[in-house]
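This report describes selected features of one protein model in running text. The sequence and the structure are shown first.

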Amino acid sequence: LSSDTTVSDLQLENLKNTLDKYVIVAPIDGVVTSIGITEGELLPAAGNIATITDFDELKVDIKIGEYDLLGASEGSPVTILVDALDKEYEGTIHNVDRVATVSGNVSFFGAEVRFKADDDTRSGMSADVRLITNDLKNVLTISNDAIQSASDGTSYVLVMKDGKMSQQTITCGISDGKYTQIID
């Protein structure tokens, strides 16, 4: 019962004296959004102590279809629409995957879009990302539903002439997925 605690007391005093050397500094500025340990818990060798979020620049993960990839390179400008805020932000594409992901026989490439946020934006909000690959104005377009394909690969539409339906061959331009430009 009368054990000597001198060594333990010295070790404890030494730890108290060096306590100011054990300051944890975050690698970025931001807001602590979660803490992964509790007071008194032993710190794991390779674990997260806290999550820090920089709300000045936000990131949106997107999927780029293989046919849209040529117009979507690193640094391409995009417009981000946050529906809940009814606001648009300008951003750029970063980190485009080099290997496709295939889902339902469709290949797409993952990428990040980064943009400067304001006080209204919140992490986790839904956003639409628009990449303009062609900007044509005052061109003739038609709904994709109206365009038919002939057996020889040409495109046509059905038109009413003299009270009768007939096929009119057309030359298509670019499409946004809903409408197609009619060149001729």
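Which residues of the largest nonpolar core touch the most other members? They are Ile 62, Ile 64, Ile 80, Ile 93, Ala 111, Val 113 and Phe 115, in a core of 16 residues. A nonpolar core is a set of buried Ala, Val, Leu, Ile, Met, Phe, Trp, Tyr and Cys residues joined through side-chain atoms within 4.5 Å. Two or more residues of this core come from each of strand 3 (57-65), strand 4 (77-82), strand 5 (87-94) and strand 7 (106-116). Strands are DSSP runs (E, at least two residues), numbered from the N terminus.

The model is predicted, and local features need pLDDT of at least 70, side-chain atom pairs count only at pLDDT 80 or more, while totals for chains, interfaces and linings use all residues. Residues are numbered from 1 along each chain as its sequence is written, and side-chain values use heavy atoms, with hydrogens and water left out.

**Ile 93 and Ser 76**

Contact is defined as heavy atoms within 4.5 Å. Not counting residues up to four places away in sequence, Ile 93 touches, among others, Ile 64, Ala 72, Val 78, Ala 111, Val 113 and Leu 131. Ser 76 is also one of the residues that Ile 93 touches. Ser 76 is found in the loop between strand 3 and strand 4. Is Ser 76 buried or exposed? Its relative accessible area is 9%, so Ser 76 is buried (under 20%; exposed is over 50%, partly exposed in between, with a 1.4 Å probe and protein chains only).

**The largest pocket**

About 730 Å³ of space lies in the largest pocket. A pocket is an open set of points on a 1 Å grid over the protein atoms alone, where a 1.4 Å probe fits, with protein on both sides within 12 Å along at least five of seven lines; lining residues have an atom within 4 Å of a point. The lining has 23 residues, and Leu 131, Ile 132, Thr 133, Ser 175 and Asp 176 lie nearest the centre. Strand 3, strand 8 (128-130), strand 13 and strand 14 each give two or more residues to the lining, and strand 3 gives the most, with 4 residues.

**Two open sheets**

Strands pair if DSSP finds at least two bridges between them. In the hairpin of strand 13 and strand 14, which has 3 residues between the strands, Gly 177 takes a positive phi near 100°.

Another open sheet of 3 strands has the order 10-11-12, again antiparallel. Strand 10 (148-149) and strand 12 each have a single partner strand, so one side of each is left without a neighbour in the sheet.

| Strand pair | Bridges |
|---|---|
| Strand 9 and strand 14 (179-182) | 3 bridges |
| Strand 13 and strand 14 | 2 bridges |
| Strand 11 (155-161) and strand 12 | 7 bridges |

Within these pairs, Ile 142 has Thr 180 as its bridge partner, Cys 172 has Ile 182, and Lys 161 stands opposite Lys 164.

**Ser 166**

Ser 166 belongs to strand 12 (164-170). Its relative accessibility is 26%, so Ser 166 counts as partly exposed. Ser 166 touches Val 157, Leu 158, Val 159 and Lys 161, not counting residues up to four places away in sequence. The C-alpha atoms of Ser 166 and Tyr 156 are separated by 9.7 Å, with the two residues 10 apart along the chain.

Terms used: Points joined across faces, edges and corners; volume = space filled by probe spheres on them.
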